[in-house]
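Hello,

Here is the structure I promised to pass on. Please open it alongside this note, and I will walk you through what turned up.

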Amino acid sequence: MLSSLQWARSFEDCPTPRNYGTAVAIPCVHCSRRDDAGAEESGCPEEHAEDVLLFGGLVCGVPCNTVHVLAPHSGQWEAVRTTGDLPEPRYLHTACYFQGKVYVFGGERGGRLIYALHELDLGTWRWRRVACSAGVDH
């Protein structure tokens, strides 16, 4: 536990172990909401205001594109069903959270580099491919 600065293993329903995925801190998915202007508010007590979103990686050597959310305050994992234009399975990618969305960029699949950018709306759990114009050689 963080308050005691000691490791504890009490998590239930963990996803399959994986390598080279990403873990991103996000607002608590059970407590977050938006105000009238669309800005995020959190109704969570301070001790569990954030969750952790896990995306992609290699599971037993096979790339995946699954999404799981960990609520550290309760130790519960949840497999999240997403819709939309799902990113292809990948590993060695990067991800970040910004204004209610998680962005996933790049990665690799079977030795092939991926240059796509995807956005996951945490309010709807819907993926969208984002057009990017960068000076990257494919």
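Predicted model: local features only at pLDDT ≥ 70, side-chain atom pairs only at ≥ 80, totals over all residues.

Residues are numbered from 1 along each chain as its sequence is written, and side-chain values use heavy atoms, with hydrogens and water left out.

**The sheet**

Strands here are DSSP runs (E, at least two residues), numbered from the N terminus, and two of them pair if DSSP finds at least two bridges between them. With that in hand, you can trace an open sheet of 5 strands in the order S7-S13-S12-S9-S8, with mixed pairing. Its edge strands are S7 (83–84) and S8, each pairing on one side only.

S13 in turn pairs with S12 in the antiparallel sense over 5 bridges. The hairpin of S12 and S13 has 4 residues between the strands, and tryptophan 125 takes a positive phi near 60 degrees there.

Next, S12 (residues 117–121) is joined to S9 by 5 bridges, again antiparallel. Valine 102 has leucine 120 in S12 as its bridge partner. The hairpin of S8 and S9 has 2 residues between the strands, with glutamine 99 at a positive phi near 50 degrees.

**The core**

A nonpolar core is a set of buried Ala, Val, Leu, Ile, Met, Phe, Trp, Tyr and Cys residues joined through side-chain atoms within 4.5 Å. Buried means under 20% relative accessible area (1.4 Å probe, protein chains only), with exposed over 50% and partly exposed in between. The largest such core has 13 residues, and Val102, Leu120 and Trp125 are among those with the most contacts inside it. S1 (22–27), S4 (50–59), S5 (62–71) and S9 each supply at least two residues of this core.

Valine 102 is worth a click: setting aside residues up to four places away in sequence, its contacts (heavy atoms within 4.5 Å) include Ile26, Leu53, Ala95 and Leu122.

**Two buried spots to look at**

Threonine 22 sits in S1 and counts as buried because its relative accessibility is 11%. Its side chain makes a polar contact of 3.0 Å with that of histidine 93. (A polar contact is a pair of N or O atoms within 3.5 Å; within protein, one must be able to donate a hydrogen and the other to accept it, and residues adjacent in sequence count only if both atoms are side-chain atoms.)

Rings of Phe, Tyr and Trp (its six-membered ring) pair if their centres lie within 6.5 Å, with planes under 30 degrees apart counted as stacked, over 60 as edge-to-face and the rest as tilted. By this rule there is 1 aromatic pair. The rings of phenylalanine 55 and tryptophan 127 have centres 5.4 Å apart and planes at 55 degrees, so the pair is tilted. Phenylalanine 55 lies in S4 and tryptophan 127 in S13, so the pair ties together parts 72 residues apart in sequence. Phenylalanine 55 is buried at 0% relative accessibility, and tryptophan 127 is buried at 2%.

Enjoy exploring!
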